[in-house]
Amino acid sequence: MFKLIGRNCEREQIRRIIILLLLSTALSLTASNTHPNTKNQIHTVSKGLNFFKTTITTPSSSNAAIASACKSTLYPDACHSALAGASPKSSLKDLFVGSVESARLRATSARAAAYNLSPAHGAIDDCLELLDISLEQLDDVINAAAKKSKSSAHDIQTWLSAALTNQVTCSDGIGATGIDPNRKKDMMAQVNVLSQHISNALALHASMTGSGGGRERRLSDEKFPGWLSSSDRKLLQASPADIQAVAVVAKDGSGTHSTINEAIAFVSLKSNGGGGGRSVIYVKAGTYREYIRIPTKQKNVMLMGDGKGQSIVIGSRNAEDGSSTYQSATVAAMGAGFIAKGITIINDSGPDKQQAVALRVGADQAVIYQCAIQGYQDSLYTYANRQFYRDCDISGTVDFIFGNSAAVFQNCFIQPRKPAGGQRNSITAQGRTDPNQNTGISIQGCRISGSTGGAPTYLGRPWKQYSRVVFMESEIDGSVSSAGWEQWSGNFALKTLYYGEYANTGAGAGTSGRVKWPGVHSDLSASEASKFTVANFISGTSWIPGTGAQFNAGL
């Protein structure tokens with residue numbers, strides 16, 4: 001795993017790495033300006049998501065294996081640059097591993113560059129965190145490819161998809177900073193080159209496995225998706241009285257800790273001391289005004305409350321008052337295997353404060369069960385990796401379910417609410433940036449019922465170029481516009497997005513008035529819709545059963 005670089009060591013080594021990389025990155029750098037599609041404005045955002053497009057040239061020295069492999073990538077120049085030293089006898093798998101190793105080298109360089117900018121702006125700190133996470137993910141991919149771990153092709157595609165999402169978030173944040181223009185340009189260039197190499201690794205992986213932008217698996221009749229252990233299943237089905245928590249949080253002093261953050265710090269120390277397995281933190285009924293951070297290295301944490309409206313966590317960070325969207329979250333869960341049950345999470349900034357996240361989830365194989373997530377703009381940030389939401393209540397206004405995870409929602413109550421004056425509601429704003437990412441939002445068997453004060457409300461709009469959302473077998477009320485879907489900015493992404501509907505009911509479910517964009521599929525077949533089920537879309541039958549969360553594997 002990647003070791004963080006301290007401020008007082010290895011600076012000279014870092015500089016040497018950067019110098020060595022300059023020649024190999026020169027082919028990938030572009031002279032054009034970049035315009036990432038950010039969410040810093042409402043309904044008026046630049047649409048230039050192809051922020052690392054290059055002029056394609058094929059070096060004459062490339063061998064046939066490299067030439068063939070690089071044809072499948074979006075950035076052939078970067079591909080040829082990364083694989084220039086490969087043997088003519090290299091297999092596609094060898095070339096894939098080489099592309100990931102090249103991406104990792106560039107991630108190290110970008111991390112060093114971001115480190116030298118810190119602490120100029122909060123967005124730089126976000127980048128440092130995300131680049132550290134990316135280095136871990138790329139290490140996981142390399143180990144999986146070498147069969148040093150029991151990981152599947154779907155795992156590899158998920159981790160690469162998440163690593164690419166990290167760079168887009170970093171680039172968006174840097175683009176909005178007020179740092180020195182030359183330093184900003186240099187940092188943006190490094191992140192963009194890194195993004196090219198991760199994208200190419202995704203493309204080579206797709207060529208190697210035939211996975212493309214999704215993963216198709218045989219449907220299962222199991223009651224629970226498979227990534228959860230039998231002990232985790234029992235936890236999700238149990239009441240707080242039936243569990244033995246590692247820590248108990250209580251406002252009245254009856255627990256082991258009085259704040260959730262104290263409990264998380266205790267659990268972290270306990271894990272570092274050699275403990276393993278699931279760490280359950282029981283949050284007793286009460287209102288906790290604090291900001292919760294569960295970092296990537298803190299895995300298998302479960303927050304169990306006394307139920308919706310009983311155990312409540314509230315925050316109020318928002319973009320209007322200076323927070324980045326990423327850091328505005330009241331609760332941010334990034335450690336793999338995160339579970340939340342019976343908790344209400346709120347960002348109470350109000351409808352006028354722009355981006356204000358209640359819950360951000362970047363944890364892989366996360367389960368959010370019987371929880372309430374309340375906010376206005378950007379309430380729920382399904383940031384990255386595989387996520388499952390069941391029996392949850394989710395409310396908000398603009399883009400209130402957004403991000404670039406592979407997320408399935410089942411049996412949830414989704415409530416658009418009254419926005420600020422002049423705003424329009426959009427339930428989803430999915431952020432897929434690459435056709436080979438296995439990401440998207442699938443809403444199945446849910447109830448959508450608005451209390452919008454008459455504000456126009458849509459199923460979604462394309463935050464990024466390959467935005468992908470499917471509503472199926474859900475009840476949609478009349479608060480949703482007959483057009484169904486909303487533009488982001490002009491014609492941006494209308495040909496590359498994928499928006500689908502299948503077997504929905506209710507006053508807002510009629511599709512005759514839907515927009516006629518090339519990427520809209522208002523009448524999916526059962527076979528097409530089945531690609532977005534728990535079993536197929538998030539390989540849920542391999543991990544959710546262990547958590548005990550109820551789910552439907554197929555249609």
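Predicted model: local features only at pLDDT ≥ 70, side-chain atom pairs only at ≥ 80, totals over all residues.
Follow the strands across and you get the order 4-7-10-13-16-19-22, with parallel pairing. Strand 4 (292-294) and strand 22 (457-460) sit at the edges with a single partner strand each, so one side of each has no neighbour in the sheet. Going from one strand to the next, the twist averages 15°. As a reminder, strands of a sheet pair through backbone hydrogen bonds, and they can do that parallel or antiparallel.

**View B. Strands 16 and 19 side by side.**
Zooming in on one pairing, we have strand 16 (residues 401-403) next to strand 19 (residues 425-430), joined in the parallel sense over three bridges.

**View C. Strand 14, buried on both faces.**
Five of the five residues of strand 14 (residues 386-390) are buried, so the rest of the structure largely encloses this strand. Arg386, Phe388 and Arg390 are on one side, Gln387 and Tyr389 are on the other, and all are buried, which leaves both faces covered. Strand 14 pairs with strand 11 (residues 366-369) in the parallel sense over four bridges; here Ala366 has Gln387 as its bridge partner. Strand 14 also runs parallel to strand 17 (residues 406-410), this time with five bridges, and Phe388 stands opposite Val408 of strand 17.

**View D. Helix 4, end to end.**
Helix 4 (residues 92-117) has 26 residues. From its first C-alpha to its last, helix 4 reaches 37 Å, close to the 38 Å expected at 1.5 Å a residue. Of those 26 residues, 19 are buried, so helix 4 is largely enclosed by the rest of the structure. Handy when looking along any such element: an α-helix has 3.6 residues a turn, so residues three or four places apart point the same way.

**View E. Inside the largest cavity.**
The model has three cavities of 30 Å³ or more, and the largest cavity holds about 80 Å³ of space. Its lining is made up of Thr165, Val168, Thr169, Asp172, Tyr381, Tyr383, Gly403, Asn404, Gly431, Thr433, Trp463 and Lys464. Helix 6 (residues 153-175) gives the largest share of that lining, with four residues. Sorted by class, the lining of the largest cavity has four nonpolar, six polar and two charged residues.

Conventions: Residues numbered from 1 in each chain as written. Heavy atoms only, no water. Pairing = 2+ DSSP bridges. Helix = DSSP H or I, 4+ residues; strand = E, 2+ residues; numbered from the N terminus. Axes fitted to C-alpha atoms, helices over the stretch in contact; angles between N-to-C directions. Buried < 20%, exposed > 50% of the residue type's maximum accessible area, 1.4 Å probe, protein only. Expected span 1.5 Å × (residues − 1). 1 Å grid on protein atoms, 1.4 Å probe; cavity = no way out; pocket = protein on both sides within 12 Å on 5 of 7 lines; lining within 4 Å. Points joined across faces, edges and corners; volume = space filled by probe spheres on them. Nonpolar A, V, L, I, M, F, W, Y, C, P; charged D, E, K, R; others polar.
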